[in-house]
Each structure stands twice: as structure tokens, then as C-alpha cells.
Amino acid sequence: MKVEQIYTGCLAEAAYYIESAGEVAIIDPLRESKPYLERAEKDNAKIKYVFETHFHADFVSGHIDLSNKTGATIVFGPTAQPAYPAYIAEDGEEFKIGNIKIRVLHTPGHTMESSSFLLIDENGKENAIFSGDTLFIGDVGRPDLAVKSDLTQEDLAGLLYESLQNKILTLPDDVIVYPGHGAGSACGKNMSKETTDRLGNQKRFNYALQAKSKEQFVKEVLTGLVTPPQYFPKNAVMNKMGYANVDEVIAKGTQALSPAAFEAASNEENALVLDVRAANDFAKGFIPNAINIGLEGQFASWVGTLITDLQQPILLIAEEGNEEEAVLRLSRVGYDNCIGYLKGGFKAWAEEGREIDTVNTISAEEFANKFNQDNAIKAIDVRRKSEYDSEHVVGVENAPLDFLNNYMASIDRDATTYVHCAGGYRSMVAISILKARGFENLVDVTGGFSAIKATGKLKLTDYVCPSTLL
């Protein structure tokens, strides 16, 4: 028996490969099929089942394409109603993969169809639980993503409590917990950086499992939640209703365009120009009105948070060789309308003498000196509210990148505004958005809050351990 976690840091998402006696089950695959096909081929094995823990909200699963390419059966837990062929399992039903079994445990709460999958090994021992978004390491799934008119988030949290108490916490302490996500995902509020653990440790140390009653659990789980990213319900619909073939999406998105063709496509298609280069490179020169969301950060989740229309035509600017990766990462969160990329990258644009823009930057040391000389200067911190509340520079206002549109009216277009985040990734995203909206007097503080704090020159608020990482 082989169990492998295939973890994707960009989305903080875990898919699973399970093989026994030449048969394979895949749990919660990402959009692309290639990694799973190649892994099964290496074992000379056949993918028999694709298990989905629920209709994911934070990414588009690859279950449909993988099933079409392999003939594998898609399996959901009870109450799921997908718009494509799939097997809807009963609670407690078992599926044979080689010499092992997978038992379906219906665990509603995160969503109503949410299910966990219990691995029973060759000896009949309960070996591992693939808990999806029901149980994480250090946390549980947020119960506010599937609220219907007749079902409140309190109702869902109560169902989650019962699922945990009656289906998962009754399992032996040595059962391995394989969750759907790790730290960085917005599907929970305080997940560990660890991506697997023994159930016994979670019973002892997971804050949500310490509640003495359902009422206490509901209160603690709901406290600190913020509005989920706008793309979540849209991805859930795609996972339920179906989506375009990913190979066709990639083929369309990786069309190379000359600078002239790129500019024409931008005008004719009303396309968003998305520059996925590193923040430092973007600052030195970029196409006016381009938005910078760098591939090196949590690219997909920030795209999903900030670009509101999944059908928005997108034109890419990337380092040469990164174009297909960018298109793939866009597709993972449902942005299937990338229409091409700039051949030769930004360098080709600049070499033709076309119009460019730059971002003014300042070191943390220089910023600290300026702020001490005149603490009335305008500065904004675009980290999440939880980060800001935990510790920030006294006198610097918070304008979280997640909700930047809500703060634009308070930013003075005429005054120089200094912008920082934690390390420099999000501040450049924010500046690119603001510049595209006509804000010109913006300066990026390189290195962000970590560099500012390291100078030791500015007064900070007392540190408070954050209760939520959302």
C-alpha cells in the first residue's frame, strides 16, 4: 500500500495518491491530470476511483478531466448532486482498491455533502482519515461557505460538531489525519503549517476539539471569521456543474503575441493585463495599467480574491518559460479565459520603445527616518486585519488588500502615500491596482513590515497573538 500527499503550496491544497495491488484512488485532485497519470504509470497501476470530499470552493478540482482520461469513477458522499456522471455513495459504504478499502463517512458541516474517507489497510486496520475540509491540523473547516436561506452558519457549525464527535473523534488515536489544506488556505482560520498528524494529537491540541459543548464549539469556530474570497461560491458552482477541458484552456492561454498583437488584443477584447513577474522586476518597469500578482506568492488565491469576473479576458506578462505555469494556476481557480501572453515578455515591449511605467520605492530605513521626522505623512499597511491588529506601526492606517476597493475613497490622490505589507508582495499588488485606478503618488516600502520592524526606529503597538489568520 502506498499513500502519498501531493501538496501545492500556492493553494495550500493537498491531494492524495493511494495505491494497492495495481489499483489507485485519487482524492481531491487539482485541475491538471498529468501528475496523477504519470504517478500511476510509474507504478504500472490503474486509477480506479476519484474521490471528492465535497464541492470545493477555493479551487477547481480535476476530477472530471481525470475521470474522462482514465475511466475512473468519480465518487461523492451522500446528498451531493453533481451535474455530470458520478457515484453518490451511502454513509458507511466501502470501496475496494487492491487489497485495501476506503469507507465513506458523511461529515456535513463545512458543506452539506462534505464527506471524509477512512482508509482500512490490508489487515483490516483503520489506518488513516482523509478529512477534506472537515478536520485540519490545528483547526476545523469554516461553516459559513454553504449557507442557504433555511440553514444558518450556526446550524452548519452545529452539524460540523456532530460530525466530528460522532464520526471522526471516535476513531483510534493512532489514525493518521490527512487534511485537504494547510496554513495559508482561507478554508479555515488558524491552520497549522504541518500537513499531517495523528488523530490523538489533534484531540489534545486542536483548539476546536477542546470545546466542552456544542454551543461552545459553535461560538469558538465562528469567532474571527471574515467574509470569504469572492471566487469561492463561483468555484463551488464549477465543481458541481462542470467546466472546460483544462488542455483546451492551456492551449488558448499559451498563444504567443507580438507587442503589437498584444496591445491590439488588450484594446479589442477589453482584456486585463496581468503581470506575474516578481514585485522588484515589476517596480523597475511595467506596461501602464497592468496588475502585478507575482507567481512566487499565493498567486491563485490572490487572483481569485481580486479579479471578480471568472470570464474576464486575461493577457499575461511573464518571465520567459513561466507562461504555461501561469495559465495553469489561473485555471486552478476557474479563470479559463486567458487569451495569450506577450512573446519575449516585458523586455520585448520596452525594446520597441512602447510606453512604460515604474513604481517609486524606498527602503525601510529611509521610511523610518521620514516617518520620525514627520509622522503626519500618509502611509497604509495592506496586510490582513488580523496581522495589523497583531502588531503595526503606530500612526499607519490599515487598508487590507483583500478589501482594497473599500478603502480607495480614503486615500488622498494628491498626497504621497507610502505602502507596505509584510514583505513586499502584497504592497506591489496594491500599488499596481491603485495606479491602474489613477493614483500616482505612491511609494513602496521595500521589505515591508518585517524590514520596518528590523530597523528598530519606529514605535510599534504591543504584540498580540492573532486569534485568526484570515
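Which residues is Leu-274 in contact with, leaving aside its neighbours within four places in sequence? They are Ile-291, Ile-293, Phe-299, Val-303, Ile-314, Leu-315, Leu-316, Ile-317 and Leu-330, where contact means heavy atoms within 4.5 Å.

This is a predicted model, in which local features need pLDDT of at least 70 and side-chain atom pairs count only at pLDDT 80 or more, while totals for chains, interfaces and linings use all residues. Residues are numbered from 1 along each chain as its sequence is written, and side-chain values use heavy atoms, with hydrogens and water left out.

Leu-274, Phe-299 and Leu-316 touch the most other members of the largest nonpolar core, which has 98 residues. Helix H15 (residues 425–436) gives the most to this core, with seven residues. Such a core is a set of buried Ala, Val, Leu, Ile, Met, Phe, Trp, Tyr and Cys residues joined through side-chain atoms within 4.5 Å. Buried means under 20% relative accessible area, exposed over 50%, and partly exposed in between (1.4 Å probe, protein chains only). Helices (H or I, at least four residues) and strands (E, at least two) are DSSP runs, numbered from the N terminus.

Helix H10 (residues 299–306) is largely enclosed by the rest of the structure because seven of its eight residues are buried. The buried residues of H10 include Phe-299, Trp-302 and Val-303. Among the elements covering them are strand S14 (272–275), helix H11 (323–332) and H15.

**His-181 and Leu-460**

His-181 is found in the loop between strand S11 (176–179) and strand S12 (197–198), whereas Leu-460 is in the segment after helix H16 (448–455).

| Residue | Relative accessibility | Class |
|---|---|---|
| His-181 | 2% | buried |
| Leu-460 | 22% | partly exposed |

The side chain of His-181 joins that of Asp-58 in a polar contact of 3.1 Å. A polar atom of the His-181 side chain also lies 2.9 Å from the backbone oxygen of Ala-12. A polar contact is a pair of N or O atoms within 3.5 Å; within protein, one must be able to donate a hydrogen and the other to accept it, and residues adjacent in sequence count only if both atoms are side-chain atoms.

Not counting residues up to four places away in sequence, His-181 touches residues including Tyr-7, Phe-136 and Met-191. With its neighbours within four places in sequence left aside, Leu-460 is in contact with Glu-391, His-392, Val-393, Val-394, Phe-449 and Lys-453. Leu-460 and Val-177 are 283 residues apart in sequence and 39 Å apart in space, C-alpha to C-alpha.
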